[in-house]
Amino acid sequence: MCSRRSFPEQGTIVEKRVTDLTVEEFLSYGPQGEFRKVGKPLFRRTREGRLLEWKVETDDPLCTLEEAFQKTDQSLGFDIELKFDDYVIYEEDQLRNILEVILKVVKEYAKERPIMFSSFQPDAAELIRKMQDTYPVYFITKGGSEIYVDPRRNTLDEAIKLCMAAGLQGIVSEAKAIFKNPEVVALIKESKLFLMTYGQLNNVPDAVYMQYLMGVEGVVVDLVKEIKGAVLDFTKAKKESDDTLFEGKGTKEEKGKLCFSEHEPSFWLKPIP
């Protein structure tokens, strides 16, 4: 993983990449597992450039990938997101060295656990696919909401081309990009690729329902319990509706009708920015 975090040292705040830290340094920040031991505080930088202390409702000590494998139930699947700095050009040897370390841990500790790899970094996604064929690899894209120097990152059409050329299994798109370009869902399906989404819209049950009807196969969410409950409710309702139509009850008009909650989502009533 290569991500930037800000670390206070001797009264000053120093910004470092996670991969520039030793394991001991990395584990010394944030909550600590040992009783009464206080970890060093973490900070994060906002898009506007402000530095804010890293605070969440509940937190656990940082851990290594090996510890995550050892301390969680084997039935729990992992999406191992390969993070790299957006503003660094990586040589293949650099990427390969990082990925080899990750794959070594996966090979030793994953066992039968469901695993997928994903990355915003096109070269990393391609390379992890070349280095192993046991686990699926997904390319993550913002679908045009931000523009990068690398054109492969800028549109869903480019994401499809990358996946087809590199033999990747699917795409994880920002949900807004799917709503702005709904026709691309059919192209992704025709390309035999799986489609998942992420983003704030995925915390709105009706937005998830619309994606379900459009053919999106998975969503990344913050409100796991709430969205899981909503998904179970509307998939059950759709099955019951299909069963009713199959029995001859209902009309063609009813079959094509989309059902929303009592209050239509505000995002549907105005253009998505």
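User: How many bridges join β5 to strand β6, and which way do the two run?
Analyst: In this predicted model, β5 and strand β6, which covers residues 115–119, are joined by four bridges and run parallel. Within that pairing, the residue standing opposite Ile80 is Phe117 in β6.

User: What order do the strands of the open sheet have?
Analyst: The open sheet has six strands in the order β5-β6-β7-β8-β9-β10, and their pairing is parallel. Its edge strands are β5, at 78–81, and β10, at 218–219, each of which pairs on one side only.

User: Which strands does helix α5 lie across?
Analyst: Helix α5, made of residues 156–166, lies across β7 (137–141) and β8 (170–174), and its direction is at about 160° to that of β8.

User: Switching to α3, how many residues does that helix have, and how far does it reach?
Analyst: Helix α3 takes in residues 92–109, which is 18 residues, and from its first C-alpha to its last it reaches 26 Å, close to the 26 Å expected at 1.5 Å a residue. After the helix comes Lys111, which has a positive phi, near 55°.

User: Which residues of α3 are buried?
Analyst: The buried residues in α3 are Leu95, Leu99, Ile102, Leu103, Val105, Val106 and Tyr109. They sit on the same side of α3 because they cover an arc of only 160° around the axis.

User: Why does Leu95 count as buried?
Analyst: Leu95, which lies in helix α3, counts as buried because its relative accessibility is 2%, and the cut-off for buried is under 20%.

User: What does Leu95 touch, leaving out residues up to four places away in sequence?
Analyst: With those left out, Leu95 touches Phe84, Tyr90, Gln121, Asp123, Ala124 and Leu127. Ala124 is 29 residues from Leu95 in sequence, yet the two are 6.4 Å apart in space, C-alpha to C-alpha.

Notes:
Residues are numbered from 1 along each chain as its sequence is written. This is a predicted model: local features need pLDDT of at least 70, side-chain atom pairs count only at pLDDT 80 or more; totals for chains, interfaces and linings use all residues. Side-chain values use heavy atoms; hydrogens and water are left out. Two strands pair if DSSP finds at least two bridges between them. Contact means heavy atoms within 4.5 Å. Axes are lines fitted to C-alpha atoms, for helices over the stretch in contact, and angles run from 0 to 180 degrees between N-to-C directions. The expected span of a helix is 1.5 Å times one less than its number of residues. Buried means under 20% relative accessible area, exposed over 50%, partly exposed in between (1.4 Å probe, protein chains only). The arc is that of the directions from the helix axis to the C-beta atoms.
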